Amino acid sequence: MNPRTAATAFRIVAVAEALSWIGLLAGMFVKRVLEASEVGVQVFGPIHGGIFVLYLVVALVAARVLGWSRGTTVLALAASVPPLATVWFERRATRSGELPTREALTA
């Protein structure tokens, strides 16, 4: 896998993981607070679980292809746990140059 593909895949999966968190949190709110329905959790639970695992795999591949340090890799993996932290990590890694932009890869 080339660096451009790894960076693009990481960005897409990081955002998808955060969006699936939002869906799951909304489903949990409806189920626990409103006590209305479990459908949101039943739908978004498996979706989030699958994207969570995909994020971990893509983060490990990106770490290898992009040459991330052990600390950056651990931070990327840890970002999968708190809600929306994958987007925070993606932005942090982009600012620091650890996740190159399309322009940086073509230059």
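Q: Where does histidine 48 lie?

A: Histidine 48 is part of helix H2. This is a predicted model, and the values below are computed from it.

Q: Is histidine 48 buried or exposed?

A: The test is relative accessible area, where under 20% means buried. Histidine 48 has 8% relative accessibility, so it counts as buried.

Q: Which residues does histidine 48 touch?

A: Residues up to four places away in sequence are not counted; beyond these, histidine 48 touches Glu17, Ser20, Trp21 and Leu24.

Q: Where is serine 20, and which residues is it in contact with?

A: Serine 20 sits in helix H1. With neighbours within four places in sequence left aside, its contacts are Phe44, Ile47, His48 and Ile51. Serine 20 is buried, since its relative accessible area is 4%.

Q: How do I read the buried residues of a helix such as H2?

A: An α-helix has 3.6 residues a turn, so residues three or four places apart point the same way. In H2 the buried residues are His48, Ile51, Tyr55, Val58, Ala59, Ala62, Ala63 and Leu66. These buried residues pack against H1, H3 and H4.

Q: Which parts of the chain does the pair of phenylalanine 10 and phenylalanine 89 link?

A: It links distant parts, 79 residues apart: phenylalanine 10 is in helix H1 (residues 3–33) and phenylalanine 89 is in helix H4 (residues 85–96). Both phenylalanine 10 and phenylalanine 89 are buried.

Q: What kind of pair do tryptophan 68 and phenylalanine 89 form?

A: Tryptophan 68 and phenylalanine 89 form an edge-to-face pair, with 5.6 Å from centre to centre and 75° between the planes. Tryptophan 68 lies in the loop between helix H2 (39–66) and helix H3 (70–78), while phenylalanine 89 belongs to helix H4, 21 residues apart from it. Tryptophan 68 is buried too.

Q: Which residues do the ring pairs link into a cluster?

A: The cluster consists of Phe10, Tyr55, Trp68 and Phe89. Among them, Tyr55 is one of the buried residues of H2.

Q: How many helices and strands does the protein chain have?

A: The protein chain has five helices and zero strands. Along the principal axes, its C-alpha atoms fill a box of roughly 55 × 20 × 20 Å.

Q: What part of the protein chain counts as buried, and what supplies the area it exposes?

A: Of its 107 residues, 31% count as buried. The protein chain exposes about 6300 Å², and carbon and sulfur atoms supply 67% of this.

Methods:
Residues numbered from 1 in each chain as written. Predicted model: local features only at pLDDT ≥ 70, side-chain atom pairs only at ≥ 80, totals over all residues. Heavy atoms only, no water. Helix = DSSP H or I, 4+ residues; strand = E, 2+ residues; numbered from the N terminus. Buried < 20%, exposed > 50% of the residue type's maximum accessible area, 1.4 Å probe, protein only. Phe/Tyr/Trp six-rings, centres within 6.5 Å; stacked < 30°, edge-to-face > 60°. Contact = heavy atoms within 4.5 Å. Areas by Shrake-Rupley, 256 points an atom, 1.4 Å probe, with all protein chains shown as cover.
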